[in-house]
Amino acid sequence: MYLTKEEERILAGERGEVLERMFRLLVRLGDIYGADRMIPVGSVQVAGVSYKSIGDPGLEFLEDMAGKGAKVRVPTTLNPPGMDLVDWRELGFPEDFAKKQLCIMEAFKKMGIMMTATCTPYLVGNLPRFGEHIAWSESSAVSFANSVIGARTNREGGPSALAAALCGVTPNYGLHLDENRKPSVAVKVNAELKHNSDFGALGYHVGKLVKKGNPYFQGIKGADVDQLKAFGAAMAASGAVALYHVEGLTPEARLMDPKNLEVIEVGERELKETCEKLNTGREPDIVILGCPHASLKEIATLANKLEGKRLRKPLWICTARTTKETATKLGFVEQVERAGGKVVADTCAVVSPIERMGFKRTAVNSGKAANYLPGFCKQEVIFGNVNELLKKVLA
Ligand code: F3S
């Protein structure tokens, strides 16, 4: 791989141990995947934040880096931690978990990373432009950035994203290159998609089938931003899809030629079977919405659905803290709380230790959450659209 003089100096350790270590990781990645050079990135999203996912080894690594003076060179935002960073006590998060989580946050803060604590950085100010090279490591955000915005990122791991943040570059391979953004399979959709959960079910089904491919969808008549974020998140979870195109909807679809591709057909029957497969429980202990993190529009819609109603069971709407703050100013949080629900900031169902908090059966409208909750949180899952889920818990 071609390296500039400055990059060679970094690799020789002339800019300190931390940079050398991190840059070496990027060079190794570039060598494995045949990159010709490093390219500057406009922003980084760092995942691997919850103490539940990274544990003590992760915390030690981050404290070591921060202690040695590691500082990010490009705007860098952060994925959700394992708890609401303000209301964790009131919500019942375990004290021992919280202590460790706060140390993790402190290490990230020391490195100059913005404490956005959300998997939807594009909703809270980290919005790349079409064609911009970035290095993001939250799979749902990677999918959204590549597919809906047309920015360019590989599915970075936690360490490679951190390395890109500290070095300001990423190796030029994979989805940074035109040839790898072409569709690999066409998916003809012959089903009505109304709710986020319909998009979640379709995404889950197609992700399982195409794994790492770039699907090109035909027959999807319309979708809003919230539905697309749910769609991509599910595909990235059940498979490893980092880029999809939707004819007439996503920006690169018109540049692509779907002729001669293998075709997969998906109809109502496949979606119904997917929903049945995702449903492993019946009566929820809790309903958790906001995977990926809820937008202001989603919170407003939910607040209006809850107006004048009373919940029999806990309901969390997970979102970014800045979104919660706006929703508070606009009165939506109070509206949710009047019904007995909570707008939970920073964290989410999957990365928080809900299995330690007494919950065994969780209701979700997200294909991604439904994919991870049984294994990662030992939950039975009740999967459905938001109206069906609310019906189960309203008095
Ligand atoms: Fe985000 Fe958690 Fe879902 S990180 S995409 S809300 S599993």
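Visitor: What share of the contacts in the chain with a separation of 6 or more is accounted for by residues 24 or more positions apart?

Guide: Contact means heavy atoms within 4.5 Å. Residues 24 or more positions apart account for 78% of the contacts in the chain with a separation of 6 or more. Please note that this is a predicted model, in which local features need pLDDT of at least 70 and side-chain atom pairs count only at pLDDT 80 or more, whereas totals for chains, interfaces and linings use all residues. Residues are numbered from 1 along each chain as its sequence is written, and side-chain values use heavy atoms, with hydrogens and water left out.

Visitor: How many helices and strands does the chain have?

Guide: Helices (H or I, at least four residues) and strands (E, at least two) are DSSP runs, numbered from the N terminus. The chain has 15 helices and 14 strands. Its C-alpha trace spans about 65 × 55 × 35 Å along the principal axes.

Visitor: In what order do the four strands of the open sheet lie?

Guide: Strands of a sheet pair through backbone hydrogen bonds, either parallel or antiparallel. Two strands pair here if DSSP finds at least two bridges between them. The open sheet has the order β8-β7-β6-β9, with parallel pairing. Its edge strands are β8 (245–246) and β9, each pairing on one side only.

Visitor: Which residues stand opposite V187?

Guide: V187 has F217 as its bridge partner in β7, and it stands opposite I264 in β9. F217, in turn, stands opposite V246 in β8. Four bridges join β6 (residues 185–190) to β7 (residues 215–218). The chain passes from β6 through helix α8 (residues 196–210) to β7, and this β-α-β crossover is right-handed; that is, with the strands pointing away from the viewer, the path from the first strand over the helix to the second runs clockwise.

Visitor: Which helix lies across β6 and β9?

Guide: Axes are lines fitted to C-alpha atoms, for helices over the stretch in contact, and angles run from 0 to 180 degrees between N-to-C directions. Helix α10 (residues 268–278) lies across β6 and β9, running at about 70° to β9.

Visitor: Is L243 buried or exposed?

Guide: Buried means under 20% relative accessible area, exposed over 50%, and partly exposed in between (1.4 Å probe, protein chains only). L243 is buried, at a relative accessible area of 0%. It is found in the loop between α9 (225–238) and β8. Not counting residues up to four places away in sequence, L243 touches several residues, including N146, L175 and P215.
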